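Hi,

Here is the structure I promised to send over. Have a look at it first, and then read on for what turned up.

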Amino acid sequence: MAEERPSQGFSVIDRLGYLLLFSAFPVILFLARLVSPSGEGLGTHTGLGLPPCGFYTMFHRPCPSCGMTTCFSLIMHGEFIEAIKAQPAGVFLFLTTLFVWGTLPYYYFAKKKKLFNLLELPFLLPILIANIVVIMTVWIIRLAL
C-alpha cells in the first residue's frame, strides 16, 4: 500500500472549494431554521420560494426527497421525533452530512488534502451508497403505504 503524501500546497480552486463545502452545510441549516416546518410533513421548501414538488404534483405520491426540507427544519427547531416521522432518510442524510462536514477541517489543516483528492476518501463511497439505499428504501415503503 502506497504511503499518502501531503500535497505541496493548495490552489485557489482548492481553497475556494473547501470554503464552499465548509460553508454550504451551515447555510442549509440556517435556511432550515429560517422556515417553519410544514405540519403535513412535506412542502416546507415552498417557504423558501421554491415551487411545489413536480413529482408530487403529477402523481400525488411523494418523490424520494419529499420531506427532506421539512425534516431538516424540524431538526433545526429541536423536533427530532417529528423529523423522523416526516422523513427518516432525512435524519440519516443530516447525520452523515454532519459527519462528512466535520471532517473537512481535518483534511484541510492536518492532512493537507487537495480538494479533488477528497473523492478518494475511503468512507465517502459507503456513505453515499448508504444514503441512496436508505432514501430509496424509505421511498418504496412510503409508496407502498
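This is a predicted model: local features need pLDDT of at least 70, side-chain atom pairs count only at pLDDT 80 or more; totals for chains, interfaces and linings use all residues.

Lysine 112 counts as partly exposed, because its relative accessibility is 38%. You'll find lysine 112 in the loop between H5 and helix H6 (124-144). Its backbone is worth a look too: lysine 112 has a positive phi of about 50°, although it is not a glycine.

Histidine 60 is another residue with a positive phi, about 55°, and histidine 60 is not a glycine either. It sits in the loop between helix H2 (54-59) and H3. Histidine 60 counts as exposed, because its relative accessibility is 61%.

Now zoom out. The protein chain has six helices and zero strands. Its C-alpha atoms fill a box of roughly 55 × 30 × 30 Å along the principal axes. Of its 145 residues, 32% count as buried. If you take the contacts with a separation of 6 or more, 66% of them are between residues 24 or more positions apart.

The buried residues of H6 are Ile127, Asn131, Ile135, Val138, Trp139 and Arg142. Looking down the axis of H6, these buried residues fall within an arc of 100°, so they line one face of the helix. What covers the buried residues of H6? The cover includes H2, H3, helix H4 (80-86) and H5.

Last, a pair of helices. Helix H3 (residues 68-76) packs against helix H5 (residues 88-110) at an angle of about 65°, and their axes are 8 Å apart. The crossing of H3 past H5 is right-handed. On the H3 side you'll see Met68, Cys71, Phe72 and Ile75, which meet Ala89, Gly90, Val91, Leu93 and Phe94 in H5. By class, this contact has eight nonpolar residues, one polar and no charged ones.

Cheers

Terms used:
Residues are numbered from 1 along each chain as its sequence is written. Side-chain values use heavy atoms; hydrogens and water are left out. Axes are lines fitted to C-alpha atoms, for helices over the stretch in contact, and angles run from 0 to 180 degrees between N-to-C directions. Helices (H or I, at least four residues) and strands (E, at least two) are DSSP runs, numbered from the N terminus. A crossing is left-handed if the near helix is turned anticlockwise from the far one by less than a right angle, and right-handed if clockwise. Contact means heavy atoms within 4.5 Å. Ala, Val, Leu, Ile, Met, Phe, Trp, Tyr, Cys and Pro count as nonpolar, Asp, Glu, Lys and Arg as charged, and the others, Gly among them, as polar. Buried means under 20% relative accessible area, exposed over 50%, partly exposed in between (1.4 Å probe, protein chains only). The arc is that of the directions from the helix axis to the C-beta atoms.
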